[in-house]
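Thank you all for coming. Please have the sequence and the structure open while I talk, so that you can find each residue as I name it.

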Amino acid sequence: MSDLITVVVPVYNVESYLERCVTSIRNQSHTNLEILLVNDGSTDNSGTICQEYAQKDNRIVYIEKENGGLSDTRNYGIGQAQGEYLTFVDSDDFLDKMHLNVLYTALVSNN
């Protein structure tokens, strides 16, 4: 089995982008993932959307924190991460299906 990769997704008022982002992470060809959705005090429906995904997929962990900004949210996610490797995805972005597999393969093959 491949190593666990933690994907930290800082979330703040991105309800219109969140579904595409999370779906693209869930659909990665590298499936040994921990997906941390870190809600940085959103005032829209982002938190509800995150909670729904966490109920559907046991790889997803939903975390709420007080608003502290992007760097604070990423750092909080680092502190919660369990994976051997760590990456960040902005909540208004999405990944190609092979994205994490390509990165993981390059890491392993180049030590």
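I78 lies in helix α3, which covers residues 70-80; helices (H or I, at least four residues) and strands (E, at least two) are DSSP runs, numbered from the N terminus. Before I go on, please keep in mind that this is a predicted model, in which local features need pLDDT of at least 70 and side-chain atom pairs count only at pLDDT 80 or more, while totals for chains, interfaces and linings use all residues. Residues are numbered from 1 along each chain as its sequence is written, and side-chain values use heavy atoms, with hydrogens and water left out.

How does I78 count at 39% relative accessibility, buried or partly exposed? I78 counts as partly exposed, where buried means under 20% relative accessible area, exposed means over 50%, and partly exposed is in between, with a 1.4 Å probe and protein chains only. Together with L86 and F88, I78 forms a nonpolar patch on the surface, and the three have about 230 Å² of accessible area together. Such patches are made of residues with over 30% relative accessible area and no salt bridge, with like charges joined within 9 Å and nonpolar side chains (Val, Leu, Ile, Met, Phe, Trp, Tyr) within 5 Å. The areas come from the Shrake-Rupley method with a 1.4 Å probe, and for residues only the protein chains shown count as cover.

Side chains of opposite charge can pair when their charged atoms come close. A salt bridge here is a side-chain nitrogen of Lys or Arg within 4 Å of a carboxyl oxygen of Asp or Glu, and a search of the whole structure finds five of them.

In one of these, the side chains of R74 and D90 meet at 2.7 Å, N to O. R74 is partly exposed at 25% relative accessibility, and D90 is partly exposed with a relative accessible area of 29%.

Another salt bridge joins D57 and R26, whose side chains meet at 3.0 Å, N to O. D57 lies in the loop between α2 (46-56) and β3 (60-64), and R26 in helix α1, so the pair ties together parts that are 31 residues apart in sequence. D57 is buried, with a relative accessible area of 7%, whereas R26 is partly exposed, at 26%.

K65 forms a salt bridge with D40, and the closest N and O atoms are 2.8 Å apart. K65 lies in the loop between β3 and α3 and D40 in the loop between β2 (33-39) and α2, so this pair ties together parts that are 25 residues apart in sequence. K65 counts as buried at 12% relative accessibility, and D40 counts as buried at 4%.

Let me turn to the cysteines. How many disulfides does a search of the whole structure find? The search finds zero, a disulfide being a pair of cysteine sulfur atoms within 2.5 Å. The closest cysteine sulfur to that of C21 is in C50, 9.1 Å away, which is too far for a bond. C21 is buried, with a relative accessible area of 0%, and C50 likewise counts as buried, at 0% relative accessibility.

Q28 is found in the loop between α1 and β2, and Q28 counts as buried at 2% relative accessibility. A polar atom of the Q28 side chain lies 3.0 Å from the backbone nitrogen of L100. Leaving out residues up to four places away in sequence, Q28 touches L33, L95, D96, K97, M98, H99 and L100, where contact means heavy atoms within 4.5 Å.

Finally, a word on the backbone. Most residues other than glycine have a negative phi. N13, although not a glycine, has a positive phi of about 50°, and its place is in the loop between β1 (5-11) and α1 (15-26). N13 counts as partly exposed at 28% relative accessibility. N111 also has a positive phi, near 50°, and is found in the segment after α4 (99-109). N111 is exposed, with a relative accessible area of 89%.

Methods
A polar contact is a pair of N or O atoms within 3.5 Å; within protein, one must be able to donate a hydrogen and the other to accept it, and residues adjacent in sequence count only if both atoms are side-chain atoms.
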